[in-house]
Amino acid sequence: MTIALVHDAIDTAALARSVGNEACGALATFQGVVRAQSEGRSVTGLFYEAYVPMALAEMERIAAEVRARFIDSHLAMVHRLGELRVGEVSVAVAVAAPHRAEAFEACRYAIDELKRRVPIWKLERYAEGAPAWRENCLHPAESDA
Amino acid sequence: MTALPAIRVRVLAFARVRELLGWERQSFELRSGARTGDLWEALVASQPRLADLARVVRLAVNGALTDNAHPLQAGDEVAVLPPVSGG
């Protein structure tokens, strides 16, 4: 199980390979990619920072929830930190499961929960004007919410 | 009359809170028996603009989210967390 925060490019193919196994007939992956536009503004790049120990602990909790909810599933989840350019992968999730329904559902659960509650922050840099911190939701929610 | 012993906690600030406060980590001295809410008030006293974020900021003590009534111990690590935006 790979759960990590990294400063270099994410090897998404290696991440997908890391969860595959003979009991799993489905492999679902998700990649978050830096967009060139945000709410009509031209984006030149993103900066991510994290409260690393808490972020890793929360990602491990999400992984444990995936294992409990989706029997025989295998998850890997990596988030990038630091400066990213447009087109680079900021986050990658890979889930292997016996069948596709659980693989898709588990992959979606993991990325949705990461965005909702893992203490990672994104600063958008624009072609014009001051950079701005983004918000995914009103509060970082309790892990048992 | 002797003063109550003070405790020292380590405060970590992230993202827009870090920028507002102008530091990433700092040690704070609080009276013994202080709670998270007392620390928040000390932070707002040092940077009044932080008050604008009172409704969205969460505090974590030693990596666990808490409310304003959490009693602080000497050596605690308190993180000031604005709304998250990973992904």
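1. A word on terms to begin with: two strands are taken as paired if DSSP finds at least two bridges between them. Helices (H or I, at least four residues) and strands (E, at least two) are DSSP runs, numbered from the N terminus. With that in hand, chain A holds an open sheet of four strands, in the order β1-β5-β7-β2 and with mixed pairing. The edges are formed by β1 (3-6) and β2 (26-33) of chain A; each has a single partner strand, so one side of each lacks a neighbour in the sheet.

2. Please keep in mind that this is a predicted model, in which local features need pLDDT of at least 70 and side-chain atom pairs count only at pLDDT 80 or more, while totals for chains, interfaces and linings use all residues. Residues are numbered from 1 along each chain as its sequence is written, and chains are lettered from A and ligands numbered from 1 in the order in which they are written.

3. In chain A, β5 (residues 74-80) and β7 (residues 89-97) run antiparallel and are joined by six bridges. Within β7(A), Val93(A) is the residue opposite Met77(A).

4. Helix α1 (residues 12-19) of chain A lies across β2, β5 and β7 of chain A, at about 20° to β7(A). Angles run from 0 to 180 degrees between N-to-C directions, with axes fitted to C-alpha atoms, for helices over the stretch in contact. Helix α3 (residues 100-117) of chain A also packs on the sheet, touching β2, β5 and β7 of chain A, and its direction makes about 145° with that of β7(A).

5. Lastly, the contact between chains takes 26 residues from chain A and 17 residues from chain B. On the chain B side, α1 (15-21), β3 (58-61) and β5 (77-81) each supply at least two residues.

Terms used. Two residues are in contact if their C-beta atoms, placed from the backbone, lie within 7 Å.
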